[in-house]
Amino acid sequence: MKKITTFYIHHKVTAFFTALWLIFMVYITITGFQKDSSHIIAGLVATLVIFVPGAVIIALVCTIISSIVRTFSGIIKTNSTDSNDVEPIIPSYSKSDYASESASEPEDTVESYVSPEPQIPVYDTMEGHDFEYYCAELLKNNGFYNVSVTQGSGDQGIDVLAEKGGVKYGIQCKCYSSDIGNKAVQEAFSGCRYYNCHVPVVMTNRYFTRQAKDLAQKTNVLLWDRDILNKYIQVSQGGNL
């Protein structure tokens, strides 16, 4: 009895199907007793006789299936282990191979492999007032005349006054490290009226926010961003900038 118990403890699948077989036999026996209770002992004996061979057959089938599964699992595990244990083939080289290659190739200095650092435009390093004079000289080299820089304080939002083609421009210069917002557009618009200019302008080394572009479109303020600034620089390359 102890061996049978140990067997079912180590073979839980067999124990499960045997339990199902026992429940099935008990169900059939009880159903038979309900129909005919005159042969109770004969029915119990018949149930026991049928149950025991069935339990043995279940144990044999489960044992065979378990052995097959373990065999295939071992084969698969062995194949995977063998494939992982294969060492890569490393080609061998002699010193002469390296010597011949190094002799045939031209010697390059370390500097040839170092990519040059990008140069920061000079206007990105300027202070606000220096940028105003820089823009004034840039406008002179691009066909503007009567160019002047307003006083530093109390300029009413206009830093540079310039004319071209009979049109007077009131320009606010912004040298920032971030994009320009609404405030600069508002200051250029009001300062343009103060100086009796025809066209208000915001000139910057950066770009403009979406809100600033929308406001400039409504108020007819020109926005000269980094791209336009670089175009003016290209035109005036023969000048002092």
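How far is the sulfur of C135 from the closest cysteine sulfur? In this predicted model, residues are numbered from 1 along each chain as its sequence is written, and side-chain values use heavy atoms, with hydrogens and water left out. Local features need pLDDT of at least 70 and side-chain atom pairs count only at pLDDT 80 or more, while totals for chains, interfaces and linings use all residues.

The closest cysteine sulfur to that of C135 belongs to C173, at 4.0 Å, which is too far for a bond. A disulfide is taken here as a pair of cysteine sulfur atoms within 2.5 Å, and a search of the whole structure finds 0 of them. With buried meaning under 20% relative accessible area, exposed over 50% and partly exposed in between (1.4 Å probe, protein chains only), C135 is buried at 0%. C173 is likewise buried, at 7%.

Turning to the rings, the structure contains 7 aromatic pairs. Rings of Phe, Tyr and Trp (its six-membered ring) pair if their centres lie within 6.5 Å; planes under 30 degrees apart count as stacked, over 60 as edge-to-face and the rest as tilted. One of these pairs joins Y194 and Y195 edge-to-face, with 5.1 Å centre to centre and 85° between the planes. Y194 is exposed, with a relative accessible area of 52%, whereas Y195 is buried at 17%. Elsewhere in the list of rings, F144, Y169, W224 and Y232 are linked into a cluster by ring pairs.
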